[in-house]
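Thanks for coming, everyone. I'll take you through a few side-chain features of one model. Please have a look at it first.

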Amino acid sequence: MNESKPLLHPFSLIFIVIWLTSLALLYEDLLVLSSLLIICILQLFLHNPGAVSRILRRVLYLIPLILSIFFFQILFRKQGPVLFELGGFGIHLPAVTLSAAVGLRLMIIVLAAGIIFKLDFPDFRNAFGLIRLPEELAFMVSFVLGFLPMVSESFAHLQSVIQRRGVESRGFKVRIRIFKLIVGTVLANSLAKTSEQAINLELRGFRSQGKHSIYQASGLRMLDWSWYLAIAGLSVILYWISIFPRK
Amino acid sequence: MYRIDGLAFSYKQSRELFAGLSIRQQGAILLCGENGCGKSTLLKLLAGLLHPLAGRISYDSQDLEQLGSKLYRQIFYLEQDAEQNLVGITPKDDIGIWKLALRLPDTLDVLSEIGLGYCSEQQISLMSQGEKKLLALGATPWLMDRLWLLDEPLSGLDKDKKAWFIELLRAKIARNPDCIVCSHERELLIPLFDEIWHLENGRIAIQSLK
């Protein structure tokens with residue numbers, strides 16, 4: 001988190017993400033999930049405004065997946081009250097609610113991940129150090145978070161290398177061959193990169209000298225505690241929404 | 001043949017390169033300049049991998065934006081970092097991809113031609129920098145009719161392999177002189193080229209060699 005001074009401690013940001021994603025998995029109620037989605041978008045604007053357009057683009061990429069879930073649920077789920085019927089074909093309420101819930105959950109997870117998108121290893125070390133978790137764990141988490149963008153970048157780069165050789169990916173067989181090769185290369189490169197990182201860490205003597213001081217260690221501030229209070233309040237409101245009887 | 005008119009480019013939060021550069025490429029060009037002067041960026045712009053902030057780049061009178069991927073059937077671009085040019089887990093995979101674009105002989109023959117016949121099944125990530133560079137140049141004997149944009153083609157190669165590639169470049173220029181090669185090995189390459197482009201402070205000084 002190098003560009004600007006963060007509003008909250010990295011630990012608080014991680015906590016917000018865990019809170020949002022856990023509630024998204026716990027609740028099935030569409031109203032609660034929609035509220036969580038709105039909270040998620042607001043948090044993203046507040047904590048990582050620079051990444052909003054990129055993250056929203058990722059959410060757009062999810063739309064075909066969400067639509068296909070809708071399609072299969074509507075086609076195969078035939079229990080519960082009927083919302084719409086034409087001839088022998090009917091759309092049932094549970095199919096619609098379940099697919100909407102899955103769609104909202106996916107969007108919440110992607111948007112929530114965006115909140116901690118710009119945290120780097122020192123931020124994770126700072127956050128994990130606050131609750132005395134080992135820095136190996138901080139490294140693993142920061143590496144995994146950086147892994148997906150690395151893979152998608154590698155995928156795009158290999159496509160560009162193939163294109164600039166003048167290869168025309170016409171025909172199903174050629175496309176499948178190219179796709180297989182790109183996937184294989186991305187996996188092989190990722191594994192090679194991972195072992196390279198492990199060697200680099202060993203060469204730097206990672207955790208070989210026992211306990212040492214942490215650069216830029218900081219505690220929670222008043223603003224962080226206010227956020228925890230707000231999260232507790234929101235949790236109560238969401239619980240109340242979920243149990244409130246609705247027609 | 002490339003034509004550049006009023007080119008300007010800058011990376012995010014970085015100084016502007018090529019303030020209004022206009023130039024026309026004809027024949028074999030050796031691109032020289034100090035580190036960071038924008039040689040590789042210029043080649044990337046010519047290869048259509050970067051987009052100018054202002055100005056126009058055209059190839060055979062057609063705008064690069066309009067040409068799109070058709071450009072890649074007429075040029076061969078080599079990135080400075082050899083690994084960035086390679087696809088696949090082994091050299092065999094990489095040559096296999098070239099075969100989708102070119103009529104090449106048997107994969108092992110291609111690899112033997114560049115002296116890599118012994119490592120057709122080896123992982124690319126475990127190969128040396130020189131071997132990766134050779135592999136990246138592997139299809140060049142079959143790309144003589146394309147315009148070459150080469151970024152440091154000699155770096156990482158040993159003396160014999162440099163001599164092999166210089167001979168190949170000589171044959172290419174004799175057959176089709178269109179190429180822009182960026183290299184710090186000026187003394188080795190000067191005899192082959194028609195012009196040297198000295199890139200400094202966003203401007204190009206042309207030195208004719210013929």
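Let's start with salt bridges. This is a predicted model, and the count over all chains comes to 10 salt bridges. Why do such pairs form? Side chains of opposite charge can pair when their charged atoms come close.

Take one that links the chains. Arg165(A) makes a salt bridge with Asp94(B). The closest N and O atoms are 2.6 Å apart. Where do the two partners sit? Arg165(A) is in the loop between helix H6 (135-163) and helix H7 (172-203) of chain A. Asp94(B) is in helix H3 (residues 91-98) of chain B. So this pair crosses between chains.

Now, is Arg165(A) buried or exposed? It is buried, at 3% relative accessible area. Asp94(B) is buried as well, at 0%. Remember the cut-off here: buried means under 20%.

Next, a pair within chain B. Asp5(B) forms a salt bridge with Arg3(B). Their closest N and O atoms are 3.2 Å apart. Asp5(B) is partly exposed, with 27% relative accessibility. Arg3(B) is partly exposed too, with 35%.

Asp63(B) and Arg56(B) meet through their side chains in a salt bridge, 3.0 Å from N to O. Which side of this pair is buried? Asp63(B) counts as buried, because its relative accessible area is 15% and the limit for buried is under 20%. Arg56(B), at 36%, is partly exposed.

A positive patch is formed by Arg54(A), Arg57(A), Arg58(A) and Lys12(B). Look at the chain letters: the patch draws on chain A and chain B. Where is Arg54(A)? Find helix H3 of chain A, residues 52-76, and you have it. How open is Arg54(A)? It is partly exposed, with a relative accessible area of 38%.

Five names here: Phe71(A), Phe72(A), Leu75(A), Phe76(A) and Phe89(A). Together they make a nonpolar surface patch of about 530 Å².

Last topic: cysteines. A disulfide is a covalent bond between the sulfur atoms of two cysteines. How many disulfides are there over all chains? The count is zero.

The sulfur of Cys179(B) has its closest cysteine sulfur in Cys182(B), 12 Å away. The cut-off is 2.5 Å, so that pair is too far apart for a bond.

How covered are these cysteines? Cys179(B) is buried, at 0% relative accessible area. Cys40(A) is buried too, also at 0%. Cys32(B) counts as buried at 4%.

Stay with Cys32(B) for a moment. Its place is in strand S3 of chain B, residues 28-32.

Arg165(A) and Asp94(B) pair across the chains, from a loop to a helix.

Methods. Residues are numbered from 1 along each chain as its sequence is written. Chains are lettered from A and ligands numbered from 1 in the order in which they are written. This is a predicted model: local features need pLDDT of at least 70, side-chain atom pairs count only at pLDDT 80 or more; totals for chains, interfaces and linings use all residues. Side-chain values use heavy atoms; hydrogens and water are left out. Patches are made of residues with over 30% relative accessible area and no salt bridge: like charges are joined within 9 Å, nonpolar side chains (Val, Leu, Ile, Met, Phe, Trp, Tyr) within 5 Å. Accessible areas come from the Shrake-Rupley method with a 1.4 Å probe; for residues, only the protein chains shown count as cover. A salt bridge is a side-chain nitrogen of Lys or Arg within 4 Å of a carboxyl oxygen of Asp or Glu. Lys and Arg count as positive and Asp and Glu as negative; His and the chain ends are not counted. The place of a charge is taken as NZ of Lys, CZ of Arg, CG of Asp or CD of Glu. Helices (H or I, at least four residues) and strands (E, at least two) are DSSP runs, numbered from the N terminus. Buried means under 20% relative accessible area, exposed over 50%, partly exposed in between (1.4 Å probe, protein chains only).
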